[in-house]
Amino acid sequence: MKKIAVIGSNGQLGNCIKKIAPDFEHLYEFLFTDSSTLDITNEEQVNDFFYDNKPDYCINASAYTAVDLAEKEKEKAFAVNADGVAHLAQACADFKSVLIHVSTDYVFDGTTNLPYSEDDFTNPVGVYGASKREGEERALEINPKTIILRTSWLYSEFNKNFVKTMLNLFSQKEELGIVADQFGQPTNANDLAEAIMKIIRAPHKTYGIFHFSNYPETTWFEFAKKIAEFSKASIKLNPLTTEQYPTPAKRPVRSTMSLDKIEEVYKIEPKHWENSLEECVDILSH
């Protein structure tokens, strides 16, 4: 039976993979690790894990994702998002494993009005995006059997994310200001988990970079409005400009990604973000 190592299994995506793993246990053995059982910044630990387990697939769902804090903690962000990824890629290369590594729309500067394709020039505007880009580059360089999935605005019923933060604030406040001039694609981590399993089960693998998210693009403000609508919250939402809501890290203005390649190559059809959001709010409301 083939083995799938899931690195960072206590994060949003890791938890979503855990949720659907029972559906695939007749086909694969899952090995779930988190930062307490496997520190990917420690090369020796990574090598020992691969030597002991010899996974056929390695899903890297671990990442340093504190976008604002990364501006202060540059070394920490690069240790996890670049060095850690390189350690996994090297171990995958040594043991002939397929690496499925999750990256981000924040590798782009967001200054275009067109959706980004996988071949478009990356130019991150913050430390987080820069650390993720370096992780991508090193993984592709080290292990030819690497699939990179760039995703965006990830949320789920697990851990901390925009949807859960909004639901929490809706119950405490009467009105709220939300940024309305940054565009992207909210993505339910459950959909990403299912896409990853489809890729693993595909008889022929195409390696390289792919984009996966829900569609179409929207703003944080419109996203928040839908969360309020689906949760029946009586909150007044006010649109803000990026200038009115300054953050330590700069964000891309429009980091919308084209989803054509993953549809064409792996026949994965992304869902409309409103449908996926409604499912998540429904889970969180019960």
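Rings of Phe, Tyr and Trp, the last taken by its six-membered ring, count as a pair if their centres lie within 6.5 Å. The views below show a predicted model.

**View 1. A cluster of aromatic rings in the predicted model.** Ring pairs link W153, Y155, F162, W220, F223 and W273 into a cluster. A search of the whole structure finds 13 aromatic pairs, and two further pairs are described in the next views.

**View 2. The edge-to-face pair of F49 and F50.** The ring centres of F49 and F50 are 5.9 Å apart and their planes stand at 80°, so this pair is edge-to-face, given that planes over 60 degrees apart fall in that class. F49 has a relative accessible area of 12% and is therefore buried, and F50, at 0% relative accessibility, is likewise counted as buried.

**View 3. The tilted pair of F50 and F95.** F50 also forms an aromatic pair with F95, in which the centres are 6.2 Å apart and the planes make an angle of 35°, an arrangement classed as tilted. F50 belongs to helix 2 (residues 43-53), whereas F95 sits in the loop between helix 3 (74-94) and strand 4 (98-104), so the pair ties together parts that are 45 residues apart in sequence.

**View 4. Charged side chains over aromatic faces.** K54 lies over the face of Y51, at 4.5 Å from the ring centre. In a second example, R254 is placed over the face of F183, with a distance of 4.0 Å from the ring centre.

**View 5. The chain as the setting of the close-ups.** The chain holds nine helices and twelve strands. Its radius of gyration is 19 Å, close to the 19 Å that the globule rule gives for 286 residues, so the chain is as compact as a globular protein of that length. Along the principal axes, the C-alpha trace spans about 55 × 40 × 40 Å. Of the 286 residues, 53% count as buried, and the chain exposes about 13300 Å², of which carbon and sulfur atoms supply 49%. Among contacts between residues at least 6 apart in sequence, 84% join residues at least 24 apart.

**View 6. The annotated span.** An unreviewed UniProt entry lists residues 3-284 as "domain: RmlD-like substrate binding". The end C-alpha atoms of residues 3-284 lie 32 Å apart, and the span is 39% helix and 18% strand.

Terms used
Residues are numbered from 1 along each chain as its sequence is written. This is a predicted model: local features need pLDDT of at least 70, side-chain atom pairs count only at pLDDT 80 or more; totals for chains, interfaces and linings use all residues. Side-chain values use heavy atoms; hydrogens and water are left out. UniProt positions are given in the numbering used here, feature names are shortened, and annotations may be inferred rather than shown by experiment. Helices (H or I, at least four residues) and strands (E, at least two) are DSSP runs, numbered from the N terminus. Rings of Phe, Tyr and Trp (its six-membered ring) pair if their centres lie within 6.5 Å; planes under 30 degrees apart count as stacked, over 60 as edge-to-face and the rest as tilted. Buried means under 20% relative accessible area, exposed over 50%, partly exposed in between (1.4 Å probe, protein chains only). A charge sits over a ring if NZ of Lys or CZ of Arg is within 6 Å of the ring centre and within 35 degrees of the ring normal. The radius of gyration is taken over C-alpha atoms; the globule rule is 2.2 Å times the number of residues to the power 0.38. Contact means heavy atoms within 4.5 Å. Accessible areas come from the Shrake-Rupley method with a 1.4 Å probe; for residues, only the protein chains shown count as cover.
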